[in-house]
There are 2 protein chains.
Amino acid sequence: MRANETGRTVTSRVLSILEAFETHGPSLSLSQLAELTGLPLSTAHRLLGELHAWGALARDDQGRYQVGLRLWELSQSAGRRLRDTARPYLQDLFSLTQETSHIAIREGNEALYVDRVYSSKRVPRASRIGGRLPLHATAVGKVLLAYEEPWFREAYLQGDLEARTTRTHIDPAALADELEQIAEQGHAITLEEARAGACSIAVPVAGRSDQVEAAVGLVLLSTQRKTLTRHLPVLRGVASRIEAAIARYPSGYLRQRG
Amino acid sequence: MRANETGRTVTSRVLSILEAFETHGPSLSLSQLAELTGLPLSTAHRLLGELHAWGALARDDQGRYQVGLRLWELSQSAGRRLRDTARPYLQDLFSLTQETSHIAIREGNEALYVDRVYSSKRVPRASRIGGRLPLHATAVGKVLLAYEEPWFREAYLQGDLEARTTRTHIDPAALADELEQIAEQGHAITLEEARAGACSIAVPVAGRSDQVEAAVGLVLLSTQRKTLTRHLPVLRGVASRIEAAIARYPSGYLRQRG
DNA sequence: GCGCGGTTTCCATTCAGCGGAAGCGAGCGT
DNA sequence: ACGCTCGCTTCCGCTGAATGGAAACCGCGC
């Protein structure tokens, strides 16, 4: 009967519901959600009811909850900022190279894939739009890391460096050298470090005031590793066209939450 | 000093903040938001603080709020259900026709564009991914309407039928006839009804149990209107391949909120 | 029909959230 | 330099909105 046993704010409870969808499947029942969030059943029920009424959550025909289309539509604007700008150039990149092309930004300790155009060749899919991969295991990630503030880069290298494949570079000292070299030469390459059978190359995309805000890259079958650098001029060209397009925005328009 | 003057629940207040972003620009200041939501400044400030800390909102370097990438990432799963399934087929459709290709579902009284591949030709953009257009002004919308439950279709025709261009069909009786014909022949055509200079054609995509859940369509320059029907076989082929891919999901997986 | 897992509704209790007011601080005009 | 304005941030005593235990409800299988 007490009013809010836990001390958590209402807002944080609502958000913890959304959080549950991030980590545990796209479709959850009331009791699962109550379990996952630690909320009493009736409280969870009421909050879910409000979220559902508003359209933030939808219910399938078994009564389970899913993230709703209204929330999707709303948050398109966030992805859209970069995406809408970059999309045409990304498509150019694809038509020039015929290889899987993508653009990513840094979000926390991971590379967040903002958009991608798939090649018809069946390159192993390491990630998807809106998905994330560790910064040290992909070409775009390495680029983002290489141009990041030194304090961040160093802190990152201190942390756990997950090995995605047997080829992932996980030695902090070696990685530090590699990143330095990347910053110098202006591009990064990975060979089966995120996914067996795939290699990739990426270059930075700077916003106004030289701050690197994103990275564009290509993914190829690892059998074609030797052709990677051939795409560099095209990649650079596309990157600088994206930069020109971004330049119209206020600085920091893409970059969010340190 | 009173506790919650308005009678609105905390959750609804939080959601009203998100609502403000739907209708008024992608970037809003504290005082704008307080104004728009009708919340006292200090209350808005606290709620925004929580949303920001969680990552639902981001702040640009002028301190204004924007919808954050965490929310975007989270809600990708909603769009992803249909999008990830349909994407490859949509890309096939594009490479077969070289025309702007899109897929949409019904959300409320509007067609919600779930995904699109742009032609390089500069077809007037009537909408964007995650955007909406009235059901009666586009080919995909007409298809969705034509296969909708009769009670819904009739209610829709009673309502205000906005004229997007001088060519938009807004006579309820004529539209009813047109929809009947569309359901019969299995495709819809619009000629500059949503946007001057563009014409479009669309066919239904049925989920399990014949329920029409989405529509795929092409947009062409209106100068090419005579070639529209030539694309019908390709369009139908792609639609049925999407149907096959959808068939694995539980029924109602895409359809949400009546 | 009866028990079981899950969902929905009810309502007296109480502390989390409220919001008025005061404190900052950056920009601007004089 | 100085005061003024405008918008953001922090503080804190009061109170009704949110809480959660319990009980009703609803299918479903045995």
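The surface near DNA strand C is made up, by class, of 9 nonpolar, 12 polar and 5 charged residues, where Ala, Val, Leu, Ile, Met, Phe, Trp, Tyr, Cys and Pro count as nonpolar, Asp, Glu, Lys and Arg as charged, and the others, Gly among them, as polar. This is a predicted model, in which local features need pLDDT of at least 70 and side-chain atom pairs count only at pLDDT 80 or more, while totals for chains, interfaces and linings use all residues. Residues are numbered from 1 along each chain as its sequence is written, and chains are lettered from A and ligands numbered from 1 in the order in which they are written.

In total, 26 residues surround DNA strand C, and the closest are A:N4, A:T9, A:S31, B:A3 and B:E5; a residue is near a molecule or strand if its C-beta atom, placed from the backbone, lies within 6 Å of it. Helices (H or I, at least four residues) and strands (E, at least two) are DSSP runs, numbered from the N terminus.

Turning to the sheets, two strands pair if DSSP finds at least two bridges between them. In chain B, 3 strands form an open antiparallel sheet in the order β1-β3-β2, with β1 (27-28) and β2 (57-59) at the edges, each pairing on one side only. Strand β2(B) is joined to β3 (residues 65-67) of chain B over 3 antiparallel bridges, and B:A58 stands opposite B:Q66 in β3(B).

A second open sheet of chain B has 6 strands in the order β6-β5-β4-β9-β8-β7, with antiparallel pairing. Its edge strands are β6 (132-134) and β7 (188-191) of chain B. Within this sheet, β4 (residues 100-107) and β5 (residues 110-117) of chain B pair over 7 bridges in the antiparallel sense, and B:I105 has B:L112 in β5(B) as its bridge partner.

In chain A, strand β8 (residues 198-206) is mostly covered, with 8 of its 9 residues buried (20 or more other C-beta atoms within 10 Å of a residue's own, C-beta atoms being placed from the backbone).

Notes
Buried ≥ 20, exposed ≤ 12 C-beta atoms within 10 Å, placed from the backbone.
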